[in-house]
Amino acid sequence: MLKRILCLLMLCALLLCSAAQAEPRYPAQSGVTTDSAAVLSVKLLEDLRTLDKRLDKAGAPRLHIATVDFLDTADVQDYANALFTRWELADDDVLLLLCVGEERYAIAAGNGARRILPDTVLSKLMAGYLHEAFLGQQYDAAVSAFATGYVSEVCKACGVTVKVEDLFRSTSSGIFGNWAGSQKNTGASGDGESFLTREDKNSGFSLLKVILIVALLMLIFGAFRTGKKLRRPAGEDAPPPPPEAAPKPAQAEKPRYPVYFKPREKKPTPQYFKPRNPK
Amino acid sequence: MKISLSNILFALLCVALLGVALGLGSVRGWSADRDEILNAFSADGELHTLLENRGMDAANLCVVAARHLPENDADLLALSATSGTLLSGVEDAQALLDADAVITDVALRFADSLPQLTSMQQSQRDMAYLTMLSGSLGRKSSLTHNYTAMVEDFNQQLTTSLSGKIAMLLGVDIIPVPGTAD
């Protein structure tokens, strides 16, 4: 009995506390992106406006973004929900709230948007695309990566095509590195991996990566081998010249590939065994 | 005009009624003004918004400072407690003004001490927030200033105007000026 009375009293106290709590200060909406913390670049704001037009044209859930400095003691999810209601966003809209000063973020979405993008997908989008760059204070990169991932998910869910290749270019180099890192750090599995595959296909990232790695390997091994070959005629102290500008008279005019493969063709094994045979 | 007893009584009655009306009006008017000032911090009070904004700014400064100070830092704890007082719905003017004075002092101390910390120097964002928040909170307590100005204005009008003097005669007191006045 005493426990019940205590519980009731605590409940009353909690209700009174919540009633007494001051209402936070909410920013006024200014377009699809309300950057009241002033952390996003002008180029990104333009790109987000363009993206919004494309999403709207495709009939996909629109993505609103709000940045604020602080939450004024409110919970981040409550703040996002309140902002969604205050701004009278549509049922199939999504609002991404970034609180810069408190290093928190949340998503509020209407019921229509949740049917297309369930909470699990939205959570994975935040963890996979936004988290690391946001905490690293790379707000442009975080928002760009999130928007790209969001479009990818929306296109998949709605069966529409929304072009983003020409958007978010200035920050794209940082985005995917952060995103890939965060995928590893969050230990995303299952769907997380499928996110990675999908993104790779869309962005051409893995192809680029493979080409870069191959080019790097070729450069390293090519230079090493050529350097080895050229060291004799160029002298001991001279740095190994680039393979294209090799001063070796016999091979200077020849293209690189024959030079590269020649040592393999005339292997030293016959010379090696020749001295042994007389013995 | 014939001066009769009835005329004199009638004139006296008129004067008395005029006096009562004047006294009643003065007391009601000045009492209402007094209550308004005393309730300046209540939910529909004149300074309520200012009070809430300062409380929220103080709480936000706590968030920034907590990233660079230990949990048990005395100033941090004091700031957290006093911001809670401002936001808790307390209407006692003196308690609120005391809390506000603490906030002003802590904000000024933070403005001096936090920029010396290495972690703070490494975060441009937090430096900017510190400058912004301590700048507004450390300004010679706008809450106290506003309240004191209201009280002084009321007291001056009460003691100098005729209706005010009548109201004072009938029991309306001046409001004590807070000791933390500028």
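## The hairpin of strands 3 and 4 in chain A

In this predicted model, A:Glu103 takes a positive phi near 55° in the hairpin of strand 3 of chain A and strand 4 of chain A, which has four residues between the strands. Strands here are DSSP runs of E with at least two residues, helices are runs of H or I with at least four, and both are numbered from the N terminus. Strand 3 (residues 94-99) of chain A runs antiparallel to strand 4 of chain A, and six bridges join them. Two strands count as paired if DSSP finds at least two bridges between them. A:Leu98 has A:Tyr105 in strand 4 of chain A as its bridge partner.

Five of the six residues of strand 4 of chain A are buried, and the strand is mostly covered. A residue is buried if 20 or more other C-beta atoms, placed from the backbone, lie within 10 Å of its own, exposed if 12 or fewer do, and partly exposed in between.

## The sheet of chain A

Strand 1 of chain A pairs with strand 2 (residues 63-68) of chain A in the parallel sense, over three bridges. A:Thr34 stands opposite A:Ala66 in strand 2 of chain A.

Chain A has eleven helices and four strands. Of its 279 residues, 31% are buried. Among contacts in chain A with a separation of 6 or more, 61% are between residues 24 or more positions apart; a contact means C-beta atoms, placed from the backbone, within 7 Å.

The largest nonpolar core holds 90 residues, of which A:Leu95, A:Leu97, A:Ile107, A:Phe146 and B:Leu61 touch the most other members. Such a core is a set of buried Ala, Val, Leu, Ile, Met, Phe, Trp, Tyr and Cys residues joined through C-beta atoms within 7 Å. Helix 6 (residues 139-158) of chain A gives the largest share of this core, ten residues. Leaving aside neighbours within four places in sequence, the contacts of A:Leu97 include A:Ala66, A:Val76, A:Tyr105 and A:Ala108.

## The contact between the chains

Twelve residues from chain B and 13 residues from chain A make up the contact. On the side of chain B, helix 2 (48-66) and helix 6 (124-137) are the elements that give two or more residues. Helix 2 of chain B gives the most, with seven residues.

## Helices 4 and 7 of chain B

The axes of helix 4 (residues 93-113) and helix 7 (residues 142-160) of chain B come within 8 Å and cross at roughly 145°. Axes are lines fitted to C-alpha atoms, for helices over the stretch in contact, and angles run from 0 to 180 degrees between N-to-C directions. B:Ala93, B:Leu97, B:Asp100 and B:Ala101 in helix 4 meet B:Leu143, B:Thr144 and B:Tyr147 in helix 7.

## Confidence and conventions

Chain B has a mean pLDDT (the predictor's confidence in each residue, from 0 to 100) of 88, with 96% of its residues at 70 or more. The complex has an ipTM of 0.73 and a pTM of 0.64 from the predictor.

Residues are numbered from 1 along each chain as its sequence is written, while chains are lettered from A and ligands numbered from 1 in the order in which they are written. Local features need pLDDT of at least 70 and side-chain atom pairs count only at pLDDT 80 or more, whereas totals for chains, interfaces and linings use all residues.

Definitions and conventions
Contact = placed C-beta atoms within 7 Å.
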